[in-house]
Amino acid sequence: MLPDADTLPETLLDLAVPHEDINDLVALRRTLTADPGAMRLVQECVEELVRDIGEAGVEVPLAERVAEAPAALGPYFAVYVFVAALPYTYSYHRERGVTADVSRRTLADLGRNMAFHRRRHGRGGVEVPQWLTRHFRGELYQLGRVQFERARLGQRTGRAVAQAGLDVAPGEPCLNLHIPDFHGPLSPAACDRSLELAREFFARHFPRERYRVAVCHSWLLDPQLRHHLDPDSNIVRFQERFEPGRDPGEEAEPADTEPVRFVFGDPDLPVAGLPRRTSVERAVGDHLRAGGHWYVRHGWFRL
């Protein structure tokens with residue numbers, strides 16, 4: 001199920017695992033393999049993760065199972081699960097004709113997630129193992145600057161699309177857009193390139209799934225950002241691609257920790273001390289310090 005101690009570092013590097021985590025992961029492998037209960041838990045997690053692999057929208061309760069791991073393995077246990085699941089993921093990608101480069105860049109989100117964990121907590125670990133189930137189940141792919149997730153239109157966004165005159169109903173396939181961190185500017189040119197790659201990729205590798213709509217649910221779509229950023233900023237230009245996915249007057253719960261988490265690395269940072277080094281940092285922090293709130297907004301556009 002797991003690479004041996006000599007080849008494990010190569011596998012971890014392929015997944016972009018930070019170098020400072022590799023020695024610990026190799027050393028803890030002995031602790032894992034010496035514990036029959038922990039190894040059985042790895043096997044059960046992998047079986048649940050890859051069951052019906054490729055089927056979109058299946059919720060795998062990986063975070064709950066990872067929490068059952070022994071304390072000594074806890075911070076890194078999810079890494080061993082994903083490494084053990086790799087042969088199944090690679091096999092599914094090969095069946096679909098997905099290139100090795102796309103596989104590598106997609107699954108490198110494990111290393112990005114671990115880098116985020118270390119930035120926030122100052123130690124090794126996996127920040128959101130549940131998020132990564134999409135990658136290892138063949139639901140999500142990194143294509144250029146943007147990640148695209150095979151999904152289905154929700155009721156409210158589907159109604160908004162239908163009201164705009166597009167013959168697409170709730171429950172039909174759509175592509176959810178995700179904007180990963182540690183990947184450079186979100187420039188219009190980079191977004192255009194990703195969309196072109198996505199149109200070609202899904203038509204070639206998932207020809208039976210017709211994707212006519214792209215959807216995004218993010219604080220990056222909060223229109224209040226336009227009051228703080230230059231009209232030519234990358235974020236404002238990104239917003240301009242989208243039609244509202246829900247009634248603009250619909251009540252929404254504040255999501256102030258979302259931009260703090262993604263911009264500053266820790267959702268629990270005190271608002272008063274948030275840095276003001278960049279225009280986005282100033283926008284997020286100044287708005288909160290003035291008593292405002294940020295919201296996750298929903299948008300869509302035709303593919």
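By class, the lining of the largest pocket has 20 nonpolar, 12 polar and 9 charged residues, where Ala, Val, Leu, Ile, Met, Phe, Trp, Tyr, Cys and Pro count as nonpolar, Asp, Glu, Lys and Arg as charged, and the others, Gly among them, as polar. This is a predicted model, in which local features need pLDDT of at least 70 and side-chain atom pairs count only at pLDDT 80 or more, while totals for chains, interfaces and linings use all residues. Residues are numbered from 1 along each chain as its sequence is written, and side-chain values use heavy atoms, with hydrogens and water left out.

**Largest pocket**

- The lining comprises 41 residues, and I179, P180, D181, W219 and F262 lie nearest the centre of the pocket.
- Among the elements that each supply at least two lining residues are β3 (173-178), β4 (213-218) and α12 (257-264), whereas α7 gives the most, with 5 residues.

**Helices α3 and α5**

- The axes of α3 (residues 36-50) and α5 (residues 77-96) come within 9 Å and cross at roughly 55 degrees, the axes being lines fitted to C-alpha atoms over the stretch in contact, with angles that run from 0 to 180 degrees between N-to-C directions.
- That angle makes α3 oblique to α5, because angles under 35 degrees count as roughly parallel, over 145 as roughly antiparallel, 65 to 115 as roughly perpendicular and the rest as oblique.
- The contact (heavy atoms within 4.5 Å) involves residues including L41, V42 and C45 of α3 and F77, Y80 and Y88 of α5.
- By class, this contact of α3 with α5 has 14 nonpolar, no polar and no charged residues.

Technical notes. Helix = DSSP H or I, 4+ residues; strand = E, 2+ residues; numbered from the N terminus. 1 Å grid on protein atoms, 1.4 Å probe; cavity = no way out; pocket = protein on both sides within 12 Å on 5 of 7 lines; lining within 4 Å.
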